[in-house]
Amino acid sequence: MLQSVSAQLQPDEPSRAGPIAPFDRIAAIDIVRGIALFGVMAINVTTVFRVSIFEQFLPAGLDGTWLDRALYWILMAGVDLKAFALFSLLFGVGLAIQYDHLSASSRRTALLVRRLAFLLLIGAAHLILIWNGDILFEYAIAGFVVLPFLFCRLRILTTVGTALLAVFLLSPFLPPIAPMPSRAWMIQNVAEATRIYGSGGFAEVLAFRVHELPGFLPLHLFMFPRTVALMLIGVTSWRSGLFRAGTRTSRYLPLVASVGILVGLLCSGHQLQR
């Protein structure tokens, strides 16, 4: 059962700005966040690590044994994008918790901005030096978009979050903000990635990674409304008491979870049939 945060803020500024004590953390949220990160890792290891991310947009058969193919379809149906969605929602929950925790601090906004700026820096370093499929950079930018809404009423959070989610769901039927790279470009990119990641040195891999970055822009622009929407929904869920035991709203958590699982299964089935 989810537990409520019971930490009482101390009158001194360092205590107000410090992290929540381990015994005051909400273990269930930390556990679910860990599950989401494990799902992200499982998908990345299977689909985009050490290969071009654009390989998934080209038609190809599934190689390997029946177990490899079964594992691939299980991940696609049960984990793909769901782990990212869950982590986005929990990111919003985390922002709301930080906002509440710093409520007595006169430096609340500055501290929230500083944390997001540090995340942006870490994401940029990871994006350039380690892996250009990094998501932390986008999360930091989305966090800056969400930050002003932390000061808004619940009704505004709900309305904007729902509207952005609707925009994402309707985006396949709308003109793209930025067109995807051509099929010829992706074929060449995949071939270069296979060669460079397989035998290239660090400098060659780094140069290829930077050269590939502009192709990622349409992907990020497509997913960005969903990322912000889920963060806002996460803030709304926390503010409404959905994740805190003993509140009136928390009684609806099993119903919300059941509906979400059902909708997720229907969407996954439709996606796999395409």
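**Before you start.** This is a predicted model, in which local features need pLDDT of at least 70, side-chain atom pairs count only at pLDDT 80 or more, and totals for chains, interfaces and linings use all residues. Residues are numbered from 1 along each chain as its sequence is written, and side-chain values use heavy atoms, with hydrogens and water left out.

**Whole chain.** Show the cartoon. The protein has 11 helices and zero strands; helices are DSSP runs of H or I with at least four residues, strands are E runs of at least two, and both are numbered from the N terminus. Of the 274 residues, 35% are buried (under 20% relative accessible area, with exposed over 50% and partly exposed in between, using a 1.4 Å probe and protein chains only). Take the contacts (heavy atoms within 4.5 Å) with a separation of 6 or more: 77% join residues 24 or more positions apart.

**Helix 8 and helix 9.** Select residues 183-199 and 202-212. The axes of these two helices come within 10 Å and cross at roughly 160°. Axes here are lines fitted to C-alpha atoms over the stretch in contact, and angles run from 0 to 180 degrees between N-to-C directions. Helix 8 and helix 9 are therefore roughly antiparallel (over 145 degrees; under 35 is roughly parallel, 65 to 115 roughly perpendicular, the rest oblique). Now show side chains. Helix 8 contributes Trp185, Asn189, Glu192, Ala193, Arg195, Ile196 and Tyr197 to the contact, and helix 9 contributes Glu204, Val205, Phe208 and Glu212.

**The largest core.** Which residues touch the most other members of the largest nonpolar core? Select Ile29, Phe91, Val93, Val146, Leu150 and Trp238, out of 32 residues in that core. A nonpolar core is a set of buried Ala, Val, Leu, Ile, Met, Phe, Trp, Tyr and Cys residues joined through side-chain atoms within 4.5 Å. Helix 4 gives the largest share, nine residues. Zoom in on Leu150. Beyond four places in sequence, Leu150 touches Leu95, Ala96, Tyr99, Leu112, Val235 and Arg239.

**A second core.** Select Ile53, Phe54, Trp131 and Phe216. They are among the nine residues of a second, separate core.

**Ser237.** Finish in helix 10, where Ser237 lies. Is Ser237 buried or exposed? Ser237 counts as buried because its relative accessibility is 10%. Leaving aside neighbours within four places, Ser237 is in contact with Leu242 and Phe243.
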